[in-house]
Amino acid sequence: VDRYEADPAHPTGLWLSELAHASDVFAERGFGQTIVSPAGGASPLEPRSLRFPGYDGSARAWHRDPARMALLESTASPDQIDSADYDAIYFTGGHAGMFDFPGSEGLQRITREIFERGGVVGAVCHGYCGLLDTTLSDGGYLVAGRRLTGFSWREEVLARVDGLVPYNVEARMRERGARYSKALLPFVSHTVVDGRLVTGQNPGSARETAARVAALL
């Protein structure tokens, strides 16, 4: 995610624990990782992700490590990425993804190419905004007819940001033909695997979602 959006009193960015949990899971398995954002360069953090309960041990370890924080100051841009070098793409959340992800043709290209080559597409929380407008070579939406999850509208309301977000992503996913589901209770871990598409509902789903991606790889 590249920029602060919405109400200036409510700056947004990347939700750190979602990146940290995924990075931990992938590193434990020896996977190479590249951090990419829609325009490259610095990726800001969502301030609320630096407070309890989102600011857990994994997030703190990342935040206190200058080397890892430096990775967020110089993310790659999509045009620097050859999708043939990657087996998966994984979208992390934070409300900024609602603004920056859908319009990124570069991220859509990488996603389409990896998926059509037989790779894995993953997303957690608001990361699934990156899948909203991604089409396959036949022109259809990647999400059409596929089971998935992501941050729910009920969770937006409970988080008291429903008046700040630019759209209802849960509703838009359904409009694109996605078979959306969510946990009975908000903010508990919920992960959905549909073939090579793996999605998690909220920050509490980050580790499980990354583990499911890793299992497919």
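## Serine 83 and its contacts

Leaving aside neighbours within four places in sequence, serine 83 is in contact with Ile110, Glu113, Ile114 and Arg117. Contact means heavy atoms within 4.5 Å. Serine 83 sits in the loop between helix 3 (66–71) and strand 1. Helices (H or I, at least four residues) and strands (E, at least two) are DSSP runs, numbered from the N terminus. Serine 83 is buried, with a relative accessible area of 1%. Buried means under 20% relative accessible area, exposed over 50%, and partly exposed in between (1.4 Å probe, protein chains only).

This is a predicted model: local features need pLDDT of at least 70, side-chain atom pairs count only at pLDDT 80 or more, and totals for chains, interfaces and linings use all residues. Residues are numbered from 1 along each chain as its sequence is written, and side-chain values use heavy atoms, with hydrogens and water left out.

Four strands form an open sheet in the order 1-2-6-5, with mixed pairing. Strand 1 (88–91) and strand 5 (191–194) are the edge strands, and each pairs on one side only. Two strands pair if DSSP finds at least two bridges between them. From one strand to the next, the twist averages 10 degrees.

Helix 5 (residues 105–116) lies across strand 1 and strand 2. Helix 5 runs at about 135 degrees to strand 1. Axes are lines fitted to C-alpha atoms, for helices over the stretch in contact, and angles run from 0 to 180 degrees between N-to-C directions.

## Strand 6 and its partners

Strand 2 (residues 120–124) pairs with strand 6 (residues 197–200) in the parallel sense, over four bridges. Valine 124 stands opposite glycine 200 in strand 6. On the other pairing, strand 5 and strand 6 run antiparallel and are joined by four bridges. Here threonine 191 has glycine 200 as its bridge partner. The hairpin of strand 5 and strand 6 has two residues between the strands, and glycine 195 takes a positive phi near 65 degrees.

In a regular strand the side chains alternate between the two faces of the sheet. Both faces of strand 6 are covered. Leu197 and Thr199 are buried on one side, Val198 and Gly200 on the other.

## Glycine 122

Glycine 122 belongs to strand 2. Its bridge partner in strand 6 is valine 198. Glycine 122 counts as buried because its relative accessibility is 0%.

Beyond its neighbours within four places in sequence, glycine 122 is in contact with Ile89, Tyr90, Phe91, Val198 and Val213. Glycine 122 and glycine 200 are 78 residues apart along the chain, and their C-alpha atoms are separated by 8.3 Å.
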